[in-house]
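Here is a short report for a first look at this model.

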Amino acid sequence: MSSSTPGAGPASGTPAATPGLRRDLGLRDAVVVGLGAMLGAGVFGAVGPAAAAVGPSAPGLLAALALAALVATCNATSTARLAGLHPLAGGAYAYGRRELGDWWGFAAGWAFVVGKTASCAAIALVAGAAVWPEHPGVPAAVAVALFTALTCAGVQRTARVTAVLVVVVLAILAVSLGAAAGGGLDLAALTGAAADASPLGVLQAAGLLFFAFAGYARIATLGEEVRDPQRTIGRAVAIALVTVLVVYAAVVVVVLGVLGTTTTATSALPLRDAVAGGPVPQLAVLVTVGAAVAALGSLLTVMAGVGRTALAMARDRELPAPLAAVSPRSGAPAVAQLVAGAVVVVAVLTTDLRGAIAASSTGVLVYYAVANLAAWARAGRDPQRRAWERPVAAVGLVGCLVLVAALPPAAVAAGLAVLAAGLLGRAVLRRLSPARRAPGRG
């Protein structure tokens with residue numbers, strides 16, 4: 001098999017065989033994409049399951065948030081560094097391919113495409129349930145169809161709609177937090193016994209919170225469409241991640257201060273219940289609306305990321321070549337977006353995807369693990385590397401592996417089975433059809 005040489009490849013640009021995407025996104029647009037990806041329904045609902053995993057220990061939940069933030073920061077730093085060196089569509093797929101080799105890149109790309117396609121269906125169903133609880137698949141399918149058309153219309157339109165959704169979500173969060181805290185916070189509820197939280201519980205809670213806001217890589221996935229990527233992507237990732245971490249910390253503190261750990265652990269939407277117990281309980285409905293809007297914003301950015309990763313893989317003959325087509329009118333990977341949208345529509349109408357979503361958790365961590373490993377390898381070869389690059393990549397890699405170990409065994413097994421199936425299929429196709437072998441890059 002012809003294989004790409006690790007560390008080789010252009011620092012910018014796209015393969016000559018296919019037209020490149022347009023660099024239409026500035027710093028503000030890139031930040032918006034990151035915020036839209038991270039401020040999903042998890043900011044409203046993830047605190048409850050995380051509190052249940054930790055047990056009756058507010059310090060344990062705060063420790064879980066800090067651990068999730070540490071892993072996310074290391075991952076984001078490695079991702080942003082690589083995105084500046086390889087400002088191409090595909091994110092960790094492109095980095096793994098150029099820094100580690102074809103198989104590593106394929107593993108990251110396959111994990112992302114399959115896992116995030118399943119995530120799209122789940123996110124759409126969350127939004128659909130808020131509109132029509134008895135038949136969530138119908139509004140979910142409509143939302144997916146509309147967003148598919150939007151992603152085909154170009155990245156600028158995607159960013160503009162995402163900006164509107166992000167503003168709405170931030171406004172709802174501000175009002176909701178103010179309403180919940182208006183009745184006063186029980187600060188004693190934040191100072192329970194840390195010993196009541198088991199290490200495994202903290203790790204599981206950290207994993208839940210990490211998955212809830214691990215969308216910063218969406219900026220890198222769209223790296224081929226960012227202007228001045230070496231400078232813009234790193235700044236955008238930092239701004240978006242810090243903003244979201246502040247928001248999550250505020251939500252955790254307010255919810256625990258109003259409800260306490262026990263009630264928080266049993267609540268489907270803790271922030272809604274916190275508002276309902278405040279001086280203006282009528283505003284609780286805003287949280288339900290906010291969760292639906294946040295889910296839509298996350299859905300839009302994830303769909304755009306899946307399309308760009310599929311395009312990057314198709315360019316390298318890892319997926320069918322027609323997926324690499326770029327619309328001359330909109331500059332978007334229209335074929336890849338249409339195919340991804342069709343798959344998600346079928347999924348939301350035929351299954352609840354609970355098993356697939358569990359498997360996607362492992363896929364997400366595999367994706368980030370490859371990004372950290374690529375950053376480690378790159379730093380080892382780069383005489384101009386900064387002193388912090390390898391330690392940060394190492395912490396991010398170990399963090400991903402630890403969070404995988406903390407996942408339910410069934411979820412890990414399902415995720416690894418999906419990954420193995422993709423790798424086996426790749427090996428078989430290349431043995432049966434030498435013409436499908438990916439050309440060397442660099």
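## A helix crossing

Helix α8 passes helix α13 in a left-handed crossing (left-handed if the near helix is turned anticlockwise from the far one by less than a right angle, right-handed if clockwise). The model is predicted: local features need pLDDT of at least 70, side-chain atom pairs count only at pLDDT 80 or more, and totals for chains, interfaces and linings use all residues. Residues are numbered from 1 along each chain as its sequence is written, and side-chain values use heavy atoms, leaving out hydrogens and water.

α8 spans residues 155-181 and α13 spans residues 284-315. Helices are DSSP runs (H or I, at least four residues), numbered from the N terminus. The two axes come within 9 Å and cross at roughly 155°. Axes are lines fitted to C-alpha atoms over the stretch in contact, with angles from 0 to 180 degrees between N-to-C directions. α8 and α13 are therefore roughly antiparallel to each other (angles over 145 degrees).

## Where the helices meet

Which residues of α8 meet α13? Among them are Val-155, Leu-165, Val-168 and Ile-172. On the α13 side, the contact includes Leu-286, Gly-290, Leu-300 and Arg-308. Contact means heavy atoms within 4.5 Å.

The residues of the contact of α8 with α13 divide into 15 nonpolar, 6 polar and 1 charged. Ala, Val, Leu, Ile, Met, Phe, Trp, Tyr, Cys and Pro count as nonpolar; Asp, Glu, Lys and Arg as charged; the others, Gly among them, as polar.

## Aromatic pairs

The structure holds 7 aromatic pairs (ring centres within 6.5 Å, using the six-membered ring of Trp). Phe-210 and Phe-211 form an edge-to-face pair, 5.9 Å centre to centre with 70° between the planes. Edge-to-face means planes over 60 degrees apart. Phe-210 is buried, at 0% relative accessible area, whereas Phe-211 is partly exposed, at 25%. Buried means under 20%, exposed over 50%, and partly exposed in between (1.4 Å probe, protein chains only).

Phe-213 and Tyr-248 are also edge-to-face, with centres 5.1 Å apart and planes at 65°. Phe-213 lies in helix α9 (residues 199-213) and Tyr-248 in helix α11 (residues 229-265), so the pair ties together parts 35 residues apart in sequence. Both Phe-213 and Tyr-248 are buried.

Ring pairs also build a cluster: Phe-112, Phe-210, Phe-211, Tyr-216, Tyr-367 and Tyr-368.

## A proline in a helix

Pro-391 is found in helix α16 (residues 389-406). Pro-391 is partly exposed, with a relative accessible area of 44%. Trp-376 is 15 residues from Pro-391 in sequence and 8.2 Å from it in space, C-alpha to C-alpha.

Notes:
Helices (H or I, at least four residues) and strands (E, at least two) are DSSP runs, numbered from the N terminus. Angles under 35 degrees count as roughly parallel, over 145 as roughly antiparallel, 65 to 115 as roughly perpendicular and the rest as oblique. Rings of Phe, Tyr and Trp (its six-membered ring) pair if their centres lie within 6.5 Å; planes under 30 degrees apart count as stacked, over 60 as edge-to-face and the rest as tilted.
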